[in-house]
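Dear colleague,

I am passing on the structure below, and I would be glad if you could look through it with the notes that follow it.

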Amino acid sequence: MTSWIELKDSQPVAVKMLQNSITRDRIAHAYLFHGPSGTGKHEASLLFAMRYFCENKQIDSAEPCYECISCKRIQSGNHPDLHWIEPDGQSIKKEQIEYLQKEFTYTGLESNQKVYVVRQAEKMTVNAANRLLKFLEEPSQETVAILMTEHIGQMLDTIVSRCQRIQFHSLSDHHLYTRLVDQGLPESTSKLFASMKLNVDQAIEMNGDEWFAEARKIVVQLMDKVMNSSEEGYLFLHQVYLKHFQGRESLEYGLELLLMWFQDIISLHLDKRDSIVLVDQFERLEQFHYVVSLSEAKTLIYEILNTKRKLAQNVHPTLAMEYLILQLQR
Ligand SMILES: [Zn+2]
């Protein structure tokens, strides 16, 4: 379980705002946690709820005790007064909010305190959002809503303006790397995913993905071909590469990996060894940086980015990749 102190390292402003509202007893009726996936919105909502319901809370600290029954129940996902709402199909419907409110009213729990967390809040219908706001404004209710969204621009102004907005920023490569290592991913993989700007969920999924593990190997093989011979890259492209990287999204991953190779070659030329991402390929990188000069590496990065643009513009992938391979071959 993450603590506020740990979360503060990557989200200092968001955590400070929440800690202040807790310790100064200025808890809002509704918060809007917004920002990219994997930036700590979920952890913050759990911490908030734990502190809200905690049986051993200290007035001057925003930390919950983590030990009492309430804290434990939240950690194990079965606290009766903490409810999660997420889209049912394409949207969050008015009936979902009403159902929950009824449940709260009838279950006759000892306190009036309740917390709702609405995931993907931008998917609330107008009616659902209005129902939620009305409920929050009822004076007898000690209810806190936490709305979470990755797409604040898609939310109704009437909702946004009634919530206290807490922004969660994209993690820096370093923070993302640390989080991935904490989650048990190998260091070299964590470095790669952090520099690909994957969010934590995507990175964990990708780590277990056989397709991606194979993709990394194929890109290494392609680099071996294009760095060592002028003919084989083209053949390899057709015989192996394009069979594995099919469809725009997977082709983009391939380009992303290639980009990393040349960025690392540049880092080597500039003697910035700490910036190298493909740490498990150090020997190859060293060998390749004798083959590709600094200015060539910069040009090739431009070519890779250009290939990405072409794919986005629906240029035929085979043509775009053939052209790129011709540029890469030594
Ligand atoms: Zn507690």
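**Overall layout**

The chain is divided into domain 1 (4–170) and domain 2 (209–328), with bounds that come from an automatic or database domain assignment. The centres of domain 1 and domain 2, taken over C-alpha atoms, are separated by 44 Å. Please keep in mind that this is a predicted model, in which local features need pLDDT of at least 70 and side-chain atom pairs count only at pLDDT 80 or more, while totals for chains, interfaces and linings use all residues. Residues are numbered from 1 along each chain as its sequence is written, and side-chain values use heavy atoms, with hydrogens and water left out.

The chain has 16 helices and five strands, where helices (H or I, at least four residues) and strands (E, at least two) are DSSP runs numbered from the N terminus. Its radius of gyration is 25 Å, well over the 20 Å that the globule rule gives for 330 residues, so the chain is more spread out than a compact globule; the radius is taken over C-alpha atoms, and the rule is 2.2 Å times the number of residues to the power 0.38. Along the principal axes, the C-alpha atoms fill a box of roughly 75 × 40 × 30 Å.

Of the 330 residues, 48% count as buried, a term that means under 20% relative accessible area, with exposed meaning over 50% and partly exposed in between (1.4 Å probe, protein chains only). The chain exposes about 16800 Å², of which carbon and sulfur atoms supply 48%; these areas come from the Shrake-Rupley method with a 1.4 Å probe, and for residues only the protein chains shown count as cover. Among the contacts with a separation of 6 or more, 67% are accounted for by residues 24 or more positions apart, contact meaning heavy atoms within 4.5 Å.

**The zinc site**

The protein donors of the zinc ion are Cys-54 (SG), Cys-65 (SG), Cys-68 (SG) and Cys-71 (SG), which lie 2.3 to 2.4 Å from the ion. Donors are here N, O and S atoms within 2.8 Å of the metal (3.2 Å for Na, K and Ca), and since water is not among the atoms, sites may look incomplete. Along the chain, the donors follow the spacing C-x10-C-x2-C-x2-C.

The arrangement is tetrahedral because the four donor atoms subtend angles of 102 to 119° around the zinc ion. For reference, four donors count as tetrahedral if all angles lie between 85 and 135 degrees; four count as square planar and six as octahedral if opposite donors are over 155 degrees apart and all others between 65 and 115, and anything else is irregular. Cys-71 counts as buried because its relative accessible area is 0%.

**The loop between α3 and α4**

Tyr-66 is found in the loop between α3 (41–53) and α4 (69–75), and its phi is near 70°, a positive value in a residue other than glycine. Ala-62 also lies in the loop between α3 and α4, and it counts as buried at 5% relative accessibility. Leaving aside neighbours within four places in sequence, Ala-62 is in contact with Trp-4, Gln-19, Ile-22, Thr-23 and Arg-51. One of these, Gln-19, has its place in helix α2 (residues 12–23) and counts as buried at 14% relative accessibility; not counting residues up to four places away in sequence, Gln-19 touches Trp-4, Lys-8 and Ala-62. The C-alpha atoms of Ala-62 and Lys-8, which are 54 residues apart along the chain, are separated by 12 Å.

**Other residues to look at**

Lys-114 lies in strand β3 (residues 113–118) and counts as buried, at 4% relative accessibility.

Ile-204 belongs to helix α10 (residues 200–207) and is partly exposed, with a relative accessible area of 36%. Apart from its neighbours within four places in sequence, Ile-204 is in contact with Gln-183 and Leu-185.

Arg-216 lies in helix α11 (residues 210–228) and, leaving aside neighbours within four places in sequence, is in contact with Ser-188, Thr-189, Leu-192, Leu-257 and Asp-280.

Asp-271, in the loop between α13 (248–269) and α14 (282–291), has a positive phi of about 60° although it is not a glycine, and it is exposed, with a relative accessible area of 57%.
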